[in-house]
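I am opening my notebook on a new structure, and I want to write down each thing I looked up together with the rule behind it.

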Amino acid sequence: MSAIEVSTLEKSYGQLKAVDGISFSVLKGEVFSLLGPNGAGKTTTIEILEGLRQRDGGQISVLGADPWKKGYQLHRKLGIIPQGFTFFPKATPREAVTYYSTLFGVKNDPDAILRKVILDDASSIYFENLSGGQKQKLGLALALVNNPELLFLDEPTTGLDPQARRNMWDVIRGLEKEGHTIMLTTHYLEEAEVLSDRVAIMNHGRIITDGTPAEIIEKHGSGERLEVRGDEKLADYVREKTGFDVTYHNGFVSVRLRDKRDAVIALSSIDQSGLPWKDLKTRHDSLEDIFVKLVGGSIEEGGTIKKPSDKSEPIARANN
Amino acid sequence: MASLRRVLADLKVFVRGYTRSKIGLFFSLVFPIILILLFGAIFSGGNGGPIKVYVQNQDGGTASIQFVKLLNNNSTTTVTLVDKAQDLSQYLLAHSADQGVLIPQNFTQDFRNGQLVNVTVFSNPADTSSPIVFETVSAVVSQMNLQGATVLYHAGVLEQNIKSQSYKYIDFLIPGLIGFSVLTSPMFSLVNISSEYKKTKLFKQLSLTPLTKTEWLTSKIIWYVVLGIISFFLMTQIGVALFGAHLDYAFMIIPFLVIGPLFFVSLGMLVGMVSKSVESAAVVGNLITFPMMFLSGTFFPVTQMPMYLQNVAHVLPLFYLIDGLNQVMIFSNLGQALFDLELMIVLSAIAFVFAVALFKWRED
């Protein structure tokens, strides 16, 4: 049973096609992530599903309704954290939960809800004095007030420090265990990999691939790789000498291995190059490798795409 | 359907935030009181009995004599007649006098024929009693106009005195500053809130709850009405206690204290909604607020201003609010107040409907 059905959804802003005919579905009880860099169309997509924006084309159904036409009724069944959640600066989390409970006409113990999102220790602090992580948790608490069937979390951990982010993941995992259907957007690969049952990778308004993280790696991955720290010159040398598929990314030279013998050949070629290298390891493709392959770069902390040639780590540092 | 429960929940959160931030309370309650103390102290000197007014009656007809009589027969002004042969403005200069009134030659004839005829008031803008003379002359004129309509049927009512009380500057200042407060607190606050909430997407968030736009706006209006009433009591009490202001209290004051905030909350909302950014909203808000703040009779009666500025004042909504309060609290002229009120109701209805219509929770 699907909680969300999207078919050939389209949305343009002037000349820009923000969402370019995407289709996917989210099953009841699963955590589904839209993963992609800034400007991929994630927020536009999720806001259309939340009923905050009107689509230009395609069909959508959220809990069986059209969110643009039936938004007011639908919102009683949804829990939503918009991107960059904010609240009245001089209100406390407990007051905020009480306020939302009254608006939704439901009876709640504010402290119980704040405990659920691990914010009970800050229940009387003004919103303006909460940390970034605490603010996001309040957003989540407010999204839970009406005991929603479906949760939309738009970049729930953007801008948080790693500790606060992991903290938030724990809360989201807890909600998943309770059986909530969750759709989230993120530009953090690890977040998508850790939290989601299924992921759709989005770029330039299109979904490039989707499935469980394991399915995506299986489908687009390239098996085992040998990696050393080194510079681009080393990558070029090994490629020329061995004819193997050699890539350079972020200070790492990576060689695709077809069988064990390739490892010996690659390693002796690396040694013969006379160029500096260190940190030998072999590994399988991660979701990040697939992402880099499909999107053409990795995502930086801020959510922008970093192309492989943008920044090469000086080999001197690799040698230290 | 609008829900009172949601309006009150929103009101509670808003009032908490408002009172906790202190700045809003300062500007809506404390600041107007500071203005009363300041202006009250500055202008509290000149109140030594009736003001001497030099009147030159070039007409001499019955209506002009009645006019002079009315101007003389009250405790605000006493009349000294000036000979017809004199040039009045030269005469005033020569006698270092500040207040003069010229009744033109054809006054009685035009008045009886129902044609527009003006008396000219000479005054010194720097003199604090000038506005009082203006108001008194205006009151006499309007009384004569009222009686002019009925004199054909009811002879003998001509001797009725105009309100026998001397108006002081503070009497005008209190309703003016109540108007000032009813204008500034909702305007500045709503312009800021609406543009800020649009920018931070707080409106978008609220749109995800069952709260409606009308409910949200209603809770703001309720708060500014309450604030207006509180500031009304504070200001009148201080004005009466410290400066001996003479004010009438009538039931008619209440609708003004309700309709004023309703209008300016809606107007502030409109400005915030049509502006692209918080900064441009502030600029547009100031462009609308400042002329009203100074030209609507807040700090001094509008009649003291040059004619072209008086014309400007007549297109400013705040003018009708303050004029209405003046009519009730100073002149006890409920008829004129009712006209002002009706006008404010129409303007407010328009502003409210536009504010709700242009108020966007979400984007297309």
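**Entry 1: where the chains meet.** I began with the two chains and found that 19 residues of chain A are in contact with 20 residues of chain B, where contact means that the C-beta atoms of two residues, placed from the backbone, lie within 7 Å. On the side of chain A that touches chain B, the largest share, 6 residues, comes from helix 3 (residues 93-104) of chain A. Sorted by class, that side of chain A has 9 nonpolar, 5 polar and 5 charged residues; Ala, Val, Leu, Ile, Met, Phe, Trp, Tyr, Cys and Pro count as nonpolar, Asp, Glu, Lys and Arg as charged, and the others, Gly among them, as polar.

**Entry 2: reading conventions.** I noted that this is a predicted model, in which local features need pLDDT of at least 70 and side-chain atom pairs count only at pLDDT 80 or more, while totals for chains, interfaces and linings use all residues. Residues are numbered from 1 along each chain as its sequence is written, and chains are lettered from A and ligands numbered from 1 in the order in which they are written.

**Entry 3: chain A as a whole.** I looked up 12 helices and 15 strands in chain A; helices (H or I, at least four residues) and strands (E, at least two) are DSSP runs, numbered from the N terminus. The C-alpha atoms of chain A fill a box of roughly 75 × 45 × 35 Å, taken along the principal axes. Of its 320 residues, 44% count as buried, a word for residues with 20 or more other C-beta atoms within 10 Å of their own, as against exposed for 12 or fewer and partly exposed in between.

**Entry 4: one residue.** Why is A:Met183 called buried? I recorded that A:Met183 is buried because 25 other C-beta atoms lie within 10 Å. A:Met183 lies in strand 7 (residues 181-186) of chain A, and, leaving out residues up to four places away in sequence, it touches A:Ile4, A:Val26, A:Phe32, A:Ile46 and A:Phe152. I also noted that the C-alpha atoms of A:Met183 and A:Leu153 are separated by 6.3 Å, although these residues are 30 residues apart along the chain.

**Entry 5: a helix pair.** Last, I saw that helix 8 (residues 213-220) and helix 11 (residues 287-295) of chain A pack at an angle of about 55 degrees, with their axes 9 Å apart. The contact includes A:Ile216 and A:Ile217 of helix 8 of chain A and A:Ile290 and A:Leu294 of helix 11 of chain A.

Conventions:
Axes fitted to C-alpha atoms, helices over the stretch in contact; angles between N-to-C directions.
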